[in-house]
Amino acid sequence: MTERKEAAGVTSETVAVRFQRVARHFGEVRAVDAVDLDIRAGEFFAMLGPSGSGKTTCLRLIAGFEQPDAGHIEIFGETVEGVPAYRRNVNTVFQDYALFPHMTVLDNVAYALRIRGLGKAARHDRARQALALVRLEGYDDRRPVQLSGGQRQRVALARALVGEPKVLLLDEPLGALDLKLREQMQVELKELQQRLGITFVFVTHDQSEALSMSDRLAVFNEGRIMQIGTPEEIYEAPRNRFVAGFVGSSNVLEPAVAETLCGTRGLVSLRPERIALLAPGAAVPDDCIVAEGRVASLQFHGATRRLAVAAAGTTLLVMLSSAQATPPRAGEAVRLAWPRAAMHAMDPS
C-alpha cells in the first residue's frame, strides 16, 4: 500500500457520497429526516452534533450497516441502496477499535485481506505498508493488550486502510483517548488524510475536533442538517440559534436587545472573544458598538477568563486573555465594545 495521489478522473468537485432526501426511522423516531448532502472526493468531512442527532445513523447508512427507509444514496456515482456492507468500497474505524485480542498486530491488519483470499506473503507485505503509514513499523508481533490506547487506534486505522477504500468512515474514533493523546491524534489523522488523498467522513460530538480537522462539516440536530460549511463559515456565520449555541460559545441576542444595541431588529449572534473591555476614558474605536454593564461573575479558564456582564437588558459572555492585567472584579462597572461587523444576523428559527 502506498501513498496515493488523486485517482484518474477524480477531481475536487467529484462527489464521493451523495444523499438525496434520505430518511431512516426507528418506530416513531426520525433518526435521519430527509437529509440532502454531498461530500466531495478527497475532503475531510465532519458530521457534528449531540447524541441522537442522526450523525452516526448517516455514517451507518454510508457503510451499509443500515438501509434507508426513503431517499437515494450514491458512493462515487453508484447507487448503494440494498448493496451489503462488504460490497461497498468503504471501511469504518470505531471508537472501541474492535481488534482481535488473540491475533498479532500484523494479523489484525491483514485479516480483511485474508478473508479476500490474498496469499500470506502478499497480505503481510501490504499490512506492513499500512502499519508504516501509521508509524507502527516493528510492532508486527505484538498483541493489542501490549499497546497503548493511541497505538491500538493506529492499528485500527491501518486495518481500515489496508484494503484501500475510497471512503474511510470514522465513528468517534478518538473518544476513548485522554486529552493530550486526542489532540496528537487529531494532527496525525489530518496529516494522514492529506497524504493519502482519500475521503474521510468523521463523526464527532466534539466541536473542537470538527473545527480543527475538517475541510467542511455538517451540524446535525434531531435528524436534520442545520448547516453545512467550512469551519470558519460555521463559526463566524452560524445560520440559527442551535448552531450558534452548539459550535463554540456565543451570545445570542434577542431582537429587542439587538435593536437596543445596534438599531437592527432581528436575532443576532456575537462571539464572546470579539467583545473588548474599554479602559476608563479610552476612545471608542471606529464603527464599534458600546455598552455599559456590570460584572456578574468571573471564571478563570487557564488561557482565558470568562466574564458574565449584565448589560442592555441581557447578560453578555465576554472572553478575555488571562494575560490581561488587573481583570475586573464581580460587581464592578465596565464598558464593553465590539465591531459592528462582529454581529451576525441569524434565521429566527
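# Close-up views of the predicted model

**Figure 1. Arg159 is found in helix H4.** Helices (DSSP runs of H or I, at least four residues) and strands (runs of E, at least two) are numbered from the N terminus. The structure is a predicted model, in which local features need pLDDT of at least 70 and side-chain atom pairs count only at pLDDT 80 or more, whereas totals for chains, interfaces and linings use all residues. Residues are numbered from 1 along each chain as its sequence is written, and side-chain values use heavy atoms, with hydrogens and water left out. Arg159 counts as buried because its relative accessibility is 15%; buried means under 20% relative accessible area, exposed over 50%, and partly exposed in between (1.4 Å probe, protein chains only). Residues up to four places away in sequence aside, Arg159 touches Asn91, Tyr97, Ala98, Leu99, Asn108 and Val109, where contact means heavy atoms within 4.5 Å.

**Figure 2. The largest pocket has a volume of about 670 Å³.** Of the 24 residues in its lining, Tyr86, Val90, Asn91, Ala112 and Arg116 are the closest to the centre of the pocket. Strand S6 (90-94), helix H2 (105-115) and helix H4 are the elements that give two or more residues to this lining, and S6 gives the most, with 5 residues. By class, the lining has 16 nonpolar, 4 polar and 4 charged residues; Ala, Val, Leu, Ile, Met, Phe, Trp, Tyr, Cys and Pro count as nonpolar, Asp, Glu, Lys and Arg as charged, and the others, Gly among them, as polar. On a 1 Å grid over the protein atoms alone, a pocket is an open set of points with protein on both sides within 12 Å along at least five of seven lines, a cavity is a set of points where a 1.4 Å probe fits but cannot get out, and lining residues have an atom within 4 Å of a point. Grid points are joined across faces, edges and corners, and a volume is the space filled by probe spheres set on the points.

**Figure 3. About 100 Å³ of space lies in the largest cavity.** By the rule used here, there is 1 cavity of 30 Å³ or more. Its lining is formed by Leu133, Val134, Arg135, Arg154, Leu157, Met185, Glu188, Leu189, Leu192 and Arg195. The lining divides into 6 nonpolar, no polar and 4 charged residues.

**Figure 4. Helix H5 comprises 18 residues, 179-196.** From its first C-alpha to its last, H5 reaches 26 Å, close to the 26 Å expected at 1.5 Å a residue; the expected span is 1.5 Å times one less than the number of residues. Its buried residues are Leu181, Arg182, Met185, Gln186, Glu188, Leu189, Lys190, Leu192, Gln193 and Leu196. They pack against strands S3 (44-48), S7 (167-171) and S8 (199-204), and against helices H3 (120-133), H4 (149-161) and H6 (207-213). H5 is followed by Gly197, whose phi is positive, near 75 degrees.

**Figure 5. Glu43 lies in the loop between strand S2 (29-40) and strand S3.** Glu43 counts as buried because its relative accessibility is 6%. Beyond its neighbours within four places in sequence, Glu43 is in contact with Asp38, Gln193, Ile198, Thr199, Phe200, Asp215 and Arg216. The side chain of Glu43 also reaches the backbone nitrogen of Arg40 at 2.8 Å. A polar contact is a pair of N or O atoms within 3.5 Å; within protein, one must be able to donate a hydrogen and the other to accept it, and residues adjacent in sequence count only if both atoms are side-chain atoms.

**Figure 6. Lys55 lies in helix H1 (residues 55-63).** Lys55 counts as buried because its relative accessibility is 4%. Not counting residues up to four places away in sequence, Lys55 touches Met47, Leu48, Gly49, Pro50, Glu172, Val203, Thr204, His205 and Phe220. Lys55 and Val32, 23 residues apart in sequence, are 8.1 Å apart in space, C-alpha to C-alpha.

**Figure 7. Phe76 and Glu164 are shown in their loops.** Phe76 lies between strand S4 (70-75) and strand S5 (78-79), and its phi is near 50 degrees, a positive value in a residue other than glycine. Glu164, in the loop between H4 and S7, has a positive phi of about 55 degrees although it is not a glycine. Glu164 is partly exposed, with a relative accessible area of 29%.
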